Amino acid sequence: MFNLVQAAPILAAAFIASSVEVVEAFTIVLAVSVVRGPRPAALGAAAALAVLAAVVAAFGPLLATVPVHGLQLTVGVLLLVFGLGWLRKAVLRAGGVLALHDEDEAFAKETQALRRESLTQSKAADWLGGIVAFKAVLLEGTEVVFIVLAMGARPGLLAPAALGAAGACVLVTAIGLALRKPLSKIPENSMKFLVGGLLTGFGVFWCCEGLGAPWPGGDWAILGLVSFYLAAGLALSGVLRHMSHERA
Amino acid sequence: MDVLRALAATIAKMFATDLWLTATALAAVALCAIGMRAHIVPPAILPFLLAAGIVAALAVGVIRGARRQGGKSGSSSPVDRRTF
C-alpha cells in the first residue's frame, strides 16, 4: 500500500540527498568535459549511472522478500548510523568548525589534475577522462543508492525513493548544463543537514518498530522525530558558534 | 582495481566516519533491545529512551569533533560561517 505520510519524506530525503551528491559529481564530470571534451565525460557518467540503476533494480525487489521485522531493524540501524554521520558533519560545518565544501575549488583542482595527466599520457587521455567521470558518478552515487534501497525497503516505498533520486539527477544536471559551471551556489550543507535529520529520524523510528516497540501516533511520529533531530542539530551548531565567538 | 578500492573506502566511510559515534549509536540500540528482552524497559518507554540516547550520542560526537578540529586548526574562516 502507498503510504503518503511515509512516502512524502522518503521522496524528499532521496531528492535532497541525491541533489547534494549530483552537484559534487557534476563538478568533476564538468571538469572532464572542459579538459577532454563532452564525449568521454558523458560516456563515463552514463556508464556509472547504468551500474547504479542496475544495483537498485537488482536489490530493490530482493529486499521486499525479506521478513519485515528483521529488515526494519537492520535498515533502521544502517539509516541511523549513516544519518548521524551526515548530521554530525553538517552541524560541525554549520558551527564553523569544518570548512564548507567548495565546488569552485574542487572544479579548479580537478581541472588542473586532469590537464597534468593529459600532458603525461596524451594518447590515453580520453580514456582516463572517461574513467574519472565514471568513478566520480559511481562513488557519489553509492550513497544515493544506499538511501534509495534503505528507505525504499518497505513495500511500495522503492518507487518514491527512486523517483526522488532520479528527479534530482535530471534537475541538477539540467541546471548544470544550462549554466555550464560548477553549482557552487547550492546550499549543500543546509541540504545535508536536512537529510541527516530525516535519515536519523527514520532510523530511530524503524529501529523501534523492528524491536517491537512502536511509536505512539504511528507513522506521524516520523515527523516529530525528524523535527526533534533537526532542532537538536540547530541547537548544537548554535553552541559551537557561541563557543568559537567566546574563543575569538 | 583502483575504482573497486575507492568504492570499498566510500562504503566504509558511509558508516564509520566517526567510529565513536557509530559505536555509541549501535550500543544505544543494543542496550534498548536487551532492556526490552529482559523486561527492564517497558515497550511504551523504549522509543523515547532510544531517541534520547541517540541525541546524546550526537551531542557528544559533535563536541568530540569540535575539540579534535579545534586542536588541529584553531577557528573558522568567514567562508565557514556562511552556512544557513
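Let's start with a question: which residues in helix 5 of chain A meet which residues in helix 1 of chain B? Keep in mind as we go that this is a predicted model. On the chain A helix, the residues are Lys135(A), Leu138(A), Leu139(A), Thr142(A), Glu143(A) and Phe146(A). Their partners on the chain B helix are Val3(B), Ala6(B), Leu7(B), Thr10(B), Ile11(B) and Met14(B).

Okay, zooming out to the whole interface. Here 44 residues of chain A are in contact with 38 residues of chain B. On the chain A side, helix 3 (68-94), helix 5 (125-151), helix 7 (188-211) and helix 8 (221-247) each put in at least two residues. The largest share comes from helix 3 of chain A, with 13 residues. By class, that side of chain A has 29 nonpolar, nine polar and six charged residues.

A quick word on chain B itself. Of its 84 residues, 26% are buried.

One residue in chain B I'd like you to find is Thr17(B), in the loop between helix 1 and helix 2 (19-37) of that chain. Is Thr17(B) buried or partly exposed? Thr17(B) counts as partly exposed, because it has 18 C-beta neighbours inside 10 Å. Setting aside residues up to four places away in sequence, Thr17(B) touches Gly85(A) and Lys89(A). And if you want a distance to click on, Thr17(B) and Cys32(B) are 15 residues apart in sequence and 24 Å apart in space, C-alpha to C-alpha.

Now over to the core. The largest nonpolar core has 102 residues, and Ala14(A), Val29(A) and Val148(A) touch the most other members. Helix 1 of chain A, residues 4-36, gives the most to this core, with 18 residues. Take Ala14(A): leaving out neighbours within four places in sequence, Ala14(A) is in contact with Ile147(A), Val148(A), Met151(A), Ala161(A), Gly164(A) and Ala165(A).

Some of those partners bring us to another helix pair. Helix 1 of chain A packs against helix 6 (residues 158-179) of chain A at an angle of about 35°, with the axes 7 Å apart. That crossing is right-handed. Among the residues that meet there are Ala14(A), Phe15(A) and Ser18(A) from helix 1 of chain A, and Ala161(A), Gly164(A) and Ala165(A) from helix 6 of chain A. In total, the residues of this contact divide into 17 nonpolar, six polar and no charged.

Last stop, helix 7 of chain A. How many of its 24 residues are buried? The count is 22, so to say mostly covered. At 1.5 Å a residue, those 24 residues should span 34 Å, and the end C-alpha atoms are 34 Å apart, which agrees. Just after helix 7 of chain A, Gly212(A) takes a positive phi of about 85°.

Notes: Residues are numbered from 1 along each chain as its sequence is written. Chains are lettered from A and ligands numbered from 1 in the order in which they are written. This is a predicted model: local features need pLDDT of at least 70, side-chain atom pairs count only at pLDDT 80 or more; totals for chains, interfaces and linings use all residues. A nonpolar core is a set of buried Ala, Val, Leu, Ile, Met, Phe, Trp, Tyr and Cys residues joined through C-beta atoms within 7 Å. A residue is buried if 20 or more other C-beta atoms lie within 10 Å of its own, exposed if 12 or fewer, and partly exposed in between; C-beta atoms are placed from the backbone. Helices (H or I, at least four residues) and strands (E, at least two) are DSSP runs, numbered from the N terminus. Two residues are in contact if their C-beta atoms, placed from the backbone, lie within 7 Å. Ala, Val, Leu, Ile, Met, Phe, Trp, Tyr, Cys and Pro count as nonpolar, Asp, Glu, Lys and Arg as charged, and the others, Gly among them, as polar. Axes are lines fitted to C-alpha atoms, for helices over the stretch in contact, and angles run from 0 to 180 degrees between N-to-C directions. A crossing is left-handed if the near helix is turned anticlockwise from the far one by less than a right angle, and right-handed if clockwise. The expected span of a helix is 1.5 Å times one less than its number of residues.
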